[in-house]
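Here is a short report on how two chains are built and how they meet. Keep the structure open while you read.

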Amino acid sequence: MKQKRKLSIGLIAILLIGILSACSNNSGSSESNTIRIGLAAPISGTQAQYGTAFKNGAELAAAQINESGGIDGKQVEIVVSDDKGDSNEAVTVANKFVSDKSILAVVGHFNSSATLATAPVYNKSKIVQISPSSSAPGVTDAGEYTYRVITTDAFQADYLADWSKELGYSKVALIYEQSDFGIGLLDVYKQAAPENNIEITATEAYNPGEKDFSTVLTKIKATNPDAIFIGGFYNEAALIAQQAQKLGMDVEFIGVDSLYSEALLELGQQSVEDFKLIGFFFPGGDNAKATEFAEQYQASYNSKPDTYAAYSYVATSLIIDAIKEQGADRESIKTFLDQVKDYEGATGTLSFDENGDVVTVPSKLKVENGEFVLSE
Amino acid sequence: MLFQQITNGLTIGMIYALIALGYTMVYGILKIVNFAHGDIYMIGSFLGLFFLKELQVPLYVAFIFSAVVTALLGVTIERAAYRPLRKADRIVPLISALGVSTFLISVAQLIWGTEMRPFPTTFGAKIYTVGSVTISEIQILILVLSCLLMVGLHLFVKKTKIGTAMRATSISLTNAALLGINTNRMISLAFAIGSALAACAGIMVGIYYNAVYPTMGYMAGINAFTAAVLGGIGSIPGAMLGGVLLGLVEALAGAYISTQYKSVISFAILIIVLLIRPSGILGKKEIDKV
């Protein structure tokens, strides 16, 4: 019996070694004729849908360059690695990427906390990291190899505070996600409120993935605000709007660009009508690149892209352009990014400042008849 | 505001209670925690969505279909993942349960995708105002249907012959078998009933939040498990009481202390209750025979 078990353990070990060596063989052979870009995103776990959007956006950018013959005849390959939206996993992924010399740059990570945790790894190895979505203020100082194509929360919250005043809100309640992202939004909005004559009636936090907002909304209802500012993502925003309606609340909603998604409309239905938000990616408006991207995305995946797919597409396209211009070298990608000026992409015209933060201007949007339209 | 918060708390508490019943019935008989139960609830919700959207059946038919199919799924899981391990150490079925849980989530992600999906029904949106309390149609459905299901289960277990056989099985598997009870059938029945109740809870939550997604079973499962332990795991009235209590504590702690700490508060209460009464509020004291 015991011998049998030993034998089977031996067999499994041999099998494992076989599989592992097969894997390394694969990556070895592909090194020579492909250009490899890392993509770190939550492919599984509670944020899997955002990770999928990342993957789709990046792979679309790669597919387009490959169809037109690749870069100097080399195909672009997106190497996807799952960070599960977890900072610890993210560091593991980052270490894997930097130690693989064939990876030229990394698109990622999704969460600001993951980007902040991995920035030291990428910066130490001098490899460019472009986050499509990490908007926490802290990312500004994360290192010279850390870039992002999304504006900071500080910028967005400040912009929204100005807009709130224009819309005539004098009492606003804040609901924010309990994370670097949500707290960042809260702090800036709260700070900008007094100079815009806005009174903050309540600030309520929720944990990412929360579904039940009835408690929070009942509390807010008692403070009677003109509008609710949502510092979070579209799933929760849709739930908040729906549940507010079920509580019979008569209130407007305003939020950041991360709410821009078909899911907000589908999940929120009539409750998100007249929802105000800002957007950098807005197909069908005055940005032809955005419309073009949305059509190509629709053709490839048979669904409409959300903001994150667009950001990921832009980040990947920038890296591809860098390699096209400057050659397949980690350092020259950084040189290219530092020189980018008024790059016209799906998320608007962008440049990078000296901290690797993006400089761009958003569109003011609202929901009308179940669709996003430009708000006047 | 107090009454509104109580209504909110009761609604979600009823859902916890329905899911908790599945944990408690299986634990009562097999002394294992079926950690895949939260995901069975998720599958029930998706099946409801499927019947409503693809087959266009009326809502009550979707409830029945989904409950039946989910019950069959529960029975199959017991057959495939727990029964072969009945004689194994108690940790083994636990690992198997986690495996089933991952399996169900992955299957759901493959079939239905990773994103949140709206529930295709117009039912439930109407709201009524009674004094200072606003209550929606779906909240009324949750409160009424949950009560009916729980009273039904209670009567079934207490008054019918099969119910008596189930209780006998939960007291002692061996003795019940010696008395001529087909204990395997009783175990299957416990899984079937627990899964069907979870499916009903899943559909109601789907309508309440207008959202279903593959990982929805995780937090719901943890909360319901907490409710079951709070009420006394293995005890059916305990699961009902635990669920309602947990829902109320979460709503009131959220309202009067802090929404950020509502889970902290409910878990702190769980720990305190377990320190004072290790077998839960309504749990029977068990004497471990050495």
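Which residue in E12(A) is the bridge partner of Gly345(A)? The partner is Gly348(A).

This is a predicted model: local features need pLDDT of at least 70, side-chain atom pairs count only at pLDDT 80 or more, and totals for chains, interfaces and linings use all residues. Residues are numbered from 1 along each chain as its sequence is written, while chains are lettered from A and ligands numbered from 1 in the order in which they are written.

## Sheets of chain A

Start with the naming. Helices (H or I, at least four residues) and strands (E, at least two) are DSSP runs, numbered from the N terminus. Two strands pair if DSSP finds at least two bridges between them. Strands of a sheet pair through backbone hydrogen bonds, either parallel or antiparallel.

Three bridges link E11(A) to strand E12 (residues 348-352) of chain A, in the antiparallel sense.

Another open sheet of chain A has five strands, in the order E2-E1-E3-E4-E5, with parallel pairing. At its edges are strand E2 (75-82) and strand E5 (146-148) of chain A, and each pairs on one side only. From one strand to the next, the twist averages 25 degrees. Axes here are lines fitted to C-alpha atoms, for helices over the stretch in contact, and angles run from 0 to 180 degrees between N-to-C directions.

Strand E1 (residues 34-41) of chain A runs parallel to E2(A), and eight bridges join them. Arg36(A) stands opposite Glu77(A) in E2(A). Helix H4 (residues 112-124) of chain A packs on this sheet. H4 touches strand E3 (103-107), strand E4 (129-131) and E5 of chain A. The direction of H4 makes about 160 degrees with that of E4(A). For contacts, the rule is that two residues touch if their C-beta atoms, placed from the backbone, lie within 7 Å.

Two loops of chain A deserve a look. His109(A) is in the loop between E3 and H4 of chain A. The peptide bond from Gly108(A) to His109(A) is cis, with omega near 0 degrees. Asn302(A) sits in the loop between helix H10 (288-301) and helix H11 (307-326) of chain A. Phi of Asn302(A) is near 55 degrees, a positive value in a residue other than glycine.

## Domains of chain A

Chain A is assigned domain 1 (9-151 + 289-359) and domain 2 (154-279). These bounds come from an automatic or database domain assignment. The C-alpha centres of the two domains of chain A lie 30 Å apart. In the contact, 11 residues of domain 1 meet 13 residues of domain 2.

## Helix H1 of chain B

Now turn to chain B. Two packed helices are described by the angle between their axes and the distance between the axes. A crossing is left-handed if the near helix is turned anticlockwise from the far one by less than a right angle, and right-handed if clockwise.

| Pair | Angle | Axis distance |
|---|---|---|
| H1(B) and H5(B) (137-159) | about 35 degrees | 9 Å |
| H1(B) and H10(B) | about 145 degrees | 6 Å |

The crossing of H1(B) and H8(B) is left-handed. H1(B) also passes H5(B) in a left-handed crossing. The crossing of H1(B) and H10(B) is right-handed.

## Where the chains meet

The contact between the chains takes 24 residues from chain B and 27 residues from chain A. H1, strand E1 (127-130), strand E2 (133-136) and helix H10 (236-256) of chain B each supply at least two residues of chain B's side. H1(B) gives the largest share, four residues.
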